[in-house]
Each structure stands twice: as structure tokens, then as C-alpha cells.
Amino acid sequence: MSVEVESAVMMKQMSLNDVDDDSSCGNHSEEGGMNFSDSDPKDSGVDCSGADINSEMPDEETSSSIMKTVEYYLSDANILKDPFLLKHVRRNKEGYVSLKLLASFRKVRSLSRNWKAVAYSIQKSTLLALNSDGTKVRRLQPLPDYDETTNSRSIIVSGFSCDKPSVDSISEMFAHCGDIALVRILRPGGSIPSDVKRFLAKNPDIQAKISALVEFEEHAAAQKALRVTT
């Protein structure tokens with residue numbers, strides 16, 4: 001049995017591991033002027049050949065949403081939990097990832113299917129940088145080290161009184177325990193993320209019931225939450 005995942009970081013709902021396609025990330029060209037072109041035949045994902053960069057750019061609100069979504073996918077909070085995306089970041093010596101690949105991810109695709117619109121939106125990011133061709137993006141900061149304290153700061157919760165618990169309702173439930181770093185709702189039906197499998201032995205209900213992984217900022221907060229749920 002598998003598990004679908006919904007998650008939120010800093011109380012903002014955002015899905016993890018919504019990867020639908022693969023891509024090859026070759027070396028990027030030297031930094032310089034930006035040219036939104038279909039110049040990299042190795043990239044796969046959303047094919048926007050011939051798209052008009054002037055007529056198909058998103059409005060300001062959509063552009064901001066696209067930027068925040070891509071920033072989330074490449075953020076410290078998500079990147080180490082997403083082996084597929086992490087593989088592509090590490091494949092390129094400077095950490096560049098194909099925009100066509102990112103544009104194929106479900107959360108990005110729901111905002112725009114045009115990878116050039118994604119490139120356009122990322123230009124204003126203070127966390128990401130485009131290559132000179134505008135076809136790839138990378139983090140400005142190095143990849144984070146693996147946080148070995150995550151397990152001790154996290155709990156699994158199941159047996160909710162309502163059929164459709166939300167990130168907000170779960171956050172409210174444990175707000176009195178301490179600051180929450182991440183909430184992930186686990187629903188039977190999708191694949192179990194690799195970082196959630198470590199909780200499976202002690203929490204077999206993950207496979208059969210709607211559950212939630214709640215990660216706190218401090219170990220003491222997680223212990224307090226455990227006392228509340230037992």
C-alpha cells in the first residue's frame with residue numbers, strides 16, 4: 001500500500017514529491033545576457049517550442065506564485081526530502097536544474113505549462129539564479145547538510161476525528177506545544193516518501209489511515225506533543 005503526501009513549511013501548504021517527468025541537466029553556458037530560447041535539446045519536460053515570450057508571460061500574482069513554488073522545491077526544507085530532484089541538482093557541477101523539468105512538476109504545471117514563464121518569474125527571486133540562456137536554475141546557497149535531529153523533532157499522528165484534516169487544523173492542534181517547522185499530511189494511495197519510511201515500523205497506520213508527520217523546531221516541543229497524543 002502506498003501513501004499520498006501533502007505538506008507545508010512555515011504553515012504554508014505545498015505538496016512534496018510531485019515529480020511527473022525526468023530530464024537531463026547538462027552543463028550551462030557562461031553567465032551573461034539572458035536569452036529565453038529552446039536551445040537545449042537534452043532537456044525534457046514541458047515542450048514550449050515556439051512560445052512567444054512577450055505574449056505568454058504570467059501576470060504579477062501568478063508570476064509570484066510560480067517563483068515561490070520553485071523556491072520551495074529547491075529549498076532547504078524540501079530538497080533533501082526529494083531524492084529525484086536532489087539527483088538532478090547534484091548532477092550538474094554548479095547545481096543547475098532544467099526549467100523544463102521543474103515546469104513538469106504538478107504544482108508548477110498548475111500555474112503555467114510554459115517553462116519560459118517559469119524563467120520569467122524566477123528573475124525576481126533572491127534565492128535562485130538562472131543561467132545565461134534562461135533554461136536552467138540553481139540555488140544561490142549551497143545544499144544543506146543532512147539534519148540528523150529531524151527524527152527526534154518529528155511525530156506521526158493518526159486517528160483524526162474528521163475525514164479530511166488540513167495542514168491548518170493540524171498546526172492549530174499542536175501550536176501550544178511549540179514552533180512547528182513542517183506539517184505533512186499522509187493519505188493512503190500514493191508512494192511512501194523515503195524520509196517517511198523510517199517511521200513506518202512504529203507507525204504502521206500510515207499505510208491504512210490518514211496520518212500526519214509534524215516536525216517541530218525543538219525536540220522538547222515534539223516530546224510535549226507526544227504526551228498530548230498518548
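Strand β7 (residues 180-188) pairs with β8 in the antiparallel sense over six bridges, where pairing takes at least two DSSP bridges between two strands. Helices (H or I, at least four residues) and strands (E, at least two) are DSSP runs, numbered from the N terminus. This is a predicted model: local features need pLDDT of at least 70, side-chain atom pairs count only at pLDDT 80 or more, and totals for chains, interfaces and linings use all residues. Residues are numbered from 1 along each chain as its sequence is written, and side-chain values use heavy atoms, with hydrogens and water left out.

**Around β8**
- β8 (residues 211-216) is mostly covered, with six of its six residues buried (under 20% relative accessible area; exposed is over 50%, partly exposed in between; 1.4 Å probe, protein chains only).
- Ser 211, Leu 213 and Glu 215 point one way from β8, while Ala 212, Val 214 and Phe 216 point the other way.

**Helix crossing**
- The axes of α1 (residues 60-73) and α6 (residues 115-122) come within 8 Å and cross at roughly 85 degrees; these axes are lines fitted to C-alpha atoms over the stretch in contact, with angles running from 0 to 180 degrees between N-to-C directions.
- Contact (heavy atoms within 4.5 Å) involves residues including Ile 66 and Met 67 of α1 and Val 118 and Tyr 120 of α6.

**Cysteines**
- Cys 162 is partly exposed because its relative accessibility is 39%, whereas Cys 177, at 9%, is buried.
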